[in-house]
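Please look over the structure shown below before reading the notes that follow. They are arranged by topic.

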Amino acid sequence: MAVDLRDQGYPRNDHTPKDEPASDRLVGIYTRLGINQEFDISFVGRPNEATSAQWECFPWAAVRLHRPYSQSQFLPIIFKAEAGCAVATPGSRGFDVSPECSHMNLVTVIWSMIASACLTLAAMHLLVWFRKRTAWANLLFALTAVATAGMAACEVGTMHAQTPEEFGLFLRWFHVPGWLMIVTLVGFVRLYQRAGRPWLAWTVCGLRTVTLILDFVFTPNVNFRQITALRQISFLGTSISVAEGVPNPWMLIGHASLLLLVVFAIDATVTVWRRGERRQATLVGGSIIFFVTAGTLQMVLGMWEIVHMPLTPSLLFMGIVVAMGLELSEGVLRASELSDEVHETEARMALAAEAAGVGIWIWNIALNEVWGSERWMRMFGFASDADVTFENVMQRIHPEDRETVEREIGRALAERVDYAGEYRVVLPDSTQRWLTALGRVHPEANGSGGRMLGATLDITGRKASELEIAHQRNELAHLSRVTMLGELSGSLAHELNQPLTAILSNAQAAQRFMAREHVDLDEVRSILADIVAADQRAGEVIRRLRSLLKKEEVHHQPLSVNDVVQEVLKLMRSELMNRGVIVHVEVAKNLPQVQGDRIELQQVLLNLVINACDAMAERSAGTRRLRICTELVDTASIHISVADRGVGIPPDMLEQVFTPFYTTKVHGMGLGLAVCRTIISAHGGKLWAQSQPNHGATFHLTLPVDARSAEQREDKHE
Amino acid sequence: MSDNAQPLAAHDQHEMRGRLRSAQDAPVVYVVDDDPAVLKGLARLLRSAGMEVVTYGSAHELMVQRDLNAPGCLVLDVSMPGLGGLELQKLLAQQGDEPAIVFLTGHGNIPMGVQAMKRGAVDFLTKPVNDVALLKAVSAAIERDRTQRLARAQLDEIRQCYATLTPREREVMQHVIAGRLNKQTAADLGTVEKTIKVHRSRIMQKMKVDSLAELVRIAERAGITGP
């Protein structure tokens, strides 16, 4: 841009050296403030053409002082040239042109900005990487940014180079950040975008490395065989240097690596796009493709001197850096959003947990610290700010439940399975609550320690109603039992009468023997032994009766089904005899035990036997046959059947007989079978009826085998 | 059940006693109860009172093994598996054997007792039974048996005597016990009064009676009725 300052009223004194056409470089000189109009500045030639000591050299121009001036006489002279602007201040030998001022042209400004922006970004992301060593994408980005800054510096170096050697040197070192740039870019695509073919990635990096090595093998660099001269061209209003020389064909390897990089980037972008991450594909992939293509083009055109232009890849790569930075900052943004979301989710969780009455806890096993939500702390009677350890928690658990809980948690930790349990806690004010807890083990990466997370719920209310139901069921079972024994009272009295008769007869016989003159002591001893035996028998009957009549809590224990059958038949002996019922018992030998309540199981069998007898009451005496069988089914359950030859049950009544208050008996309450079914269900078994009308009915019941008994049995077999 | 060791022993005992009895004719108490302890106790009690006792574990054993001719009585438990006391009584009666029976029951009721008594039981006692009551009942039963046997023996004798009569004499005897005069009898039978007189004296001689009144009494007892 040529401006003639003379038109603007500035004094002008053209002193242009003959050998230097100043017109293409210098437009005009002006003094903003001239104290003395006599001084005189000319811009001439290039620095290397300066011949006089009075010429002060600087890259763009020289100032010739025509006369010596004292320093005080001069204020800064601002002159303007195409290359930029500089401030000249009077120095001892003339004007000292301060370097920073001398570089304060648009090129310097832009490139410095690129470099500083890149370094700032690099610093930020390095910091992120330092904090979180797994954030490799951030490290790669930081390196890319550093490389871009380095490239920018080298580019400025070439543009401001004074000599071909200087230019060559800067261009050689330019390849170092260039190599870093490309390698980190490839790494970023592979790591962050998780795309791109590995073989392409390796080829690009390999070719680039070869280029770097060649760069240091050749002099001055991989791009030039020889730089013959520097040519000043005008760029962004500044005069900059571009090289003229013999291009080095080896730089084709570098260009190939760039081309491959473009291919690699396209391939990766397509993959990312197909994966559905379109924004990332457009932003990062698109910018890489575009800017690398542009950079390649520039390198090819510039280095082969097809077009004279300065080296500005950093400007292009800055675009990539910006895109990458944007993408990464998007991640940061997302993380912050996630964090917000997490907070919100946490708040919602807490709300939900509070509303559902769930207490949340986390047990850090290595540190033995238990964190609990406020509700959880309340559940265990801890102050909300208390430091809680596992032992503290165990201390709160009811002594009877403690061992089970500890064992179950130990098992969960050892086998890495979920924990689930119900237990009582005793709070400091000695109130007792029922809690149910679920826990999951989260092991540490190295397998040791880890954490256990869980939720706890207060189930005191539910437990109370469960106990209430169990209690009522128990009451009903007892009622049914008493009713049933009432029906049997005659036979039971007979059972008791027999030993009493024996006792009385024996005792009175003894009295009579004793009254004789010669007492047969052997006879008396024998009598006494018989009395004792009969008494024990009577006691046994009473004990059996009492256990059935007593109202006791259900007590499950391992027991033999065959024993229960025998006990019931003993109780029913007289009854069966009076009713003229012939019993066939077929019990399987070596049956494993079942877990059950002896009294309740006796009750069920008693009920079935009495029903069977009732069903056969109408039959003629010889045909009243009852069959009781026990057998093992599938090694997991025991099957008991009670079959009669009575009137049978119509098919549509087979289920109805189990409903409460259904009865065919005149004095029955209709509770017997309903209670029996409840009892068997509570034992984990099944009770059902089968019948051929007029040929009798069979009641079947199954009971699960006691696991421990089954194991012992297997051991025995081995 | 009959192969059981104990009943066999009881049987031997019984055989031995049977032989002894033919000499002494002492009454035997037969006790039947399915409960061995009760059976043993009752037997002891009866023996302590000096009675001869034979025990059976079931009605069936008794049926098979008892010597019908031996004097004595039965002590039966009402409720036993298989054949109960009352059924046994019924069965024996059907066979024309009506021994003196004392019933024992654990849970007796009135209808059951009435039925037993109607069929001729001596007593119906509930368990546990007191020694006095049992011994009294057993004694009464033995006494009844004795009387019955005596009566039966007399009846047998009458029948034996009656069996010695000729048909004509039996005809005449029927008329005599009907209270008809010799003359009437002679007219009915188409003979003379003198012949009837001869028959009559022969009848009195054969029937071992001295008076007409006595003849009428034993005839009544033996169930011999008029024409």
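**A five-stranded sheet in chain A**

In this predicted model, chain A holds an open sheet of five strands in the order β11-β10-β14-β13-β12, with antiparallel pairing. Strands β11 (369-372) and β12 of chain A stand at the edges with a single partner strand each, so one side of each has no neighbour in the sheet. On average, neighbouring strands of this sheet are turned by 25° against each other, direction ignored.

Conventions: this is a predicted model in which local features need pLDDT of at least 70 and side-chain atom pairs count only at pLDDT 80 or more, while totals for chains, interfaces and linings use all residues. Residues are numbered from 1 along each chain as its sequence is written, chains are lettered from A and ligands numbered from 1 in the order in which they are written, and side-chain values use heavy atoms, with hydrogens and water left out.

**More on the sheet**

- Strands β12(A) and β13(A) pair in the antiparallel sense over eight bridges; two strands pair if DSSP finds at least two bridges between them.
- The bridge partner of A:Tyr419 in β13(A) is A:Gly439.
- Helix α11 (residues 399-415) of chain A lies across β10 (358-364), β12, β13 and β14 (451-458) of chain A, and runs at about 155° to β12(A). Axes are lines fitted to C-alpha atoms, for helices over the stretch in contact, and angles run from 0 to 180 degrees between N-to-C directions.
- A:Ser430 sits in the loop between β12 (419-426) and β13 (432-442) of chain A. A:Ser430 has a positive phi of about 60° although it is not a glycine, and A:Ser430 is exposed, with a relative accessible area of 58%.

- Chain A has 18 helices and 21 strands, and chain B has ten helices and five strands. Helices (H or I, at least four residues) and strands (E, at least two) are DSSP runs, numbered from the N terminus.
- Of the 718 residues in chain A, 45% are buried, and of the 227 residues of chain B, 45% count as buried. Buried means under 20% relative accessible area, exposed over 50%, and partly exposed in between (1.4 Å probe, protein chains only).
- In chain A, 65% of the contacts between residues at least 6 apart in sequence join residues at least 24 apart. In chain B, residues 24 or more positions apart account for 63% of the contacts with a separation of 6 or more. Contact means heavy atoms within 4.5 Å.
- The accessible surface of chain A comes to about 36,800 Å², of which 59% belongs to carbon and sulfur atoms. Chain B exposes about 11,600 Å², with 53% supplied by carbon and sulfur atoms. Accessible areas come from the Shrake-Rupley method with a 1.4 Å probe, and for residues, only the protein chains shown count as cover.

**Where the chains meet**

- The contact takes 25 residues from chain B and 23 residues from chain A.
- About 2,000 Å² is buried between chain B and chain A, and carbon and sulfur atoms give 50% of this area. Buried area is the accessible area (1.4 Å probe) that two parts lose on being put together, summed over both.
- There are six salt bridges between chain B and chain A. A salt bridge is a side-chain nitrogen of Lys or Arg within 4 Å of a carboxyl oxygen of Asp or Glu.
- A:Arg573 forms a salt bridge with B:Asp34, and their closest N and O atoms are 3.6 Å apart.

- Just after α17(A), A:Gly684 takes a positive phi of about 80°.
- A:Thr211 belongs to helix α5 of chain A and is buried, with a relative accessible area of 1%.
- Apart from neighbours within four places in sequence, A:Thr211 is in contact with A:His175, A:Val222, A:Ile253 and A:Gly254.

**Other backbone features**

- The peptide bond from A:Thr219 to A:Pro220 is cis, with omega near 5°. A:Pro220 lies in the loop between α5 (198-217) and β8 (224-235) of chain A.
- In chain B, a cis peptide bond with omega about -10° joins B:Lys127 and B:Pro128. B:Pro128 is in the loop between β5 (123-126) and α6 (131-164) of chain B.
- A:Asp634 has a positive phi of about 55° although it is not a glycine. A:Asp634 is in the loop between β18 (625-633) and β19 (637-644) of chain A, and at 66% relative accessibility A:Asp634 counts as exposed.
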